[in-house]
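Hello,

Here is the structure we spoke about.

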Amino acid sequence: MQADIAGGGYFYDLAPHQIDLLQEMFGCILEASGYKSNRGGLYPAEDTLSACFQFDNGLVGSGSWCFVAHESAKEDRIEIIGDKGMICFSVFSFDPIALHTERGREEIHIENPEHVQQPLIQAVVDHLLGKSICTCDGESATLTNWVMDKILGKI
């Protein structure tokens, strides 16, 4: 929660995973901007943010994060809306994936992994053993941090 030590707040802790996932699915984000505020005053870092961004393929998106909302408003959801329908899913909870099409709403249940970090840990171990290349590297992290810094107006 201290920006001078940790980069700043829950946004820097949680949003990189969401932004990284979106870039994995849709390509690099080339433009990003946002607004931030500290509505709760519980710590020095921003706690409420809104952003707009554009991917290299022209697709546009937006995001909102509020880390001081009432518990009744707590939600972790990404919505992807297209010409055939919409898909909704969470990043940090294991809610079912919801697919909305002309056929109606369908839920896709995915079993919770026993250890959610296991695939990444295994990829790093395999990389160190020369068995494969881990794609989660400093370059991909730099792209995501650049987007976050653009949203926060740091660059």
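Predicted model: local features only at pLDDT ≥ 70, side-chain atom pairs only at ≥ 80, totals over all residues.

Residues are numbered from 1 along each chain as its sequence is written, and side-chain values use heavy atoms, with hydrogens and water left out.

Sheet. Three strands form an open antiparallel sheet in the order β1-β2-β3. Strands (E, at least two residues) and helices (H or I, at least four) are DSSP runs, numbered from the N terminus; two strands pair if DSSP finds at least two bridges between them. β1 (29–37) and β3 are the edge strands with a single partner each, so one side of each has no neighbour in the sheet. On average, neighbouring strands are turned by 15° against each other, direction ignored. Between β2 and β3 there are seven bridges, in the antiparallel sense. Gln 54 stands opposite Val 60 in β3.

Helices. α2 lies across β1, β2 and β3 and runs at about 20° to β2. α4 lies across β1 and β2, at about 45° to β1. Axes here are lines fitted to C-alpha atoms, for helices over the stretch in contact (heavy atoms within 4.5 Å), and angles run from 0 to 180 degrees between N-to-C directions.

Pockets. A pocket is an open set of points on a 1 Å grid over the protein atoms alone, where a 1.4 Å probe fits, with protein on both sides within 12 Å along at least five of seven lines; lining residues have an atom within 4 Å of a point. Grid points are joined across faces, edges and corners, and a volume is the space filled by probe spheres set on the points.

The largest pocket has a volume of about 1300 Å³. Its lining has 35 residues, with His 17, Asp 20, Leu 21, Val 91 and Val 116 nearest the centre. α2 gives the most to this lining, six residues. The lining divides into 20 nonpolar, 10 polar and five charged residues (nonpolar: Ala, Val, Leu, Ile, Met, Phe, Trp, Tyr, Cys and Pro; charged: Asp, Glu, Lys and Arg; polar: the others, Gly among them).

The second largest pocket holds about 1100 Å³ and is lined by 31 residues, among them Gln 18, Ser 64, Trp 65, Glu 75 and Arg 77, which lie nearest its centre. β3 supplies the largest share of that lining, seven residues.

Regards
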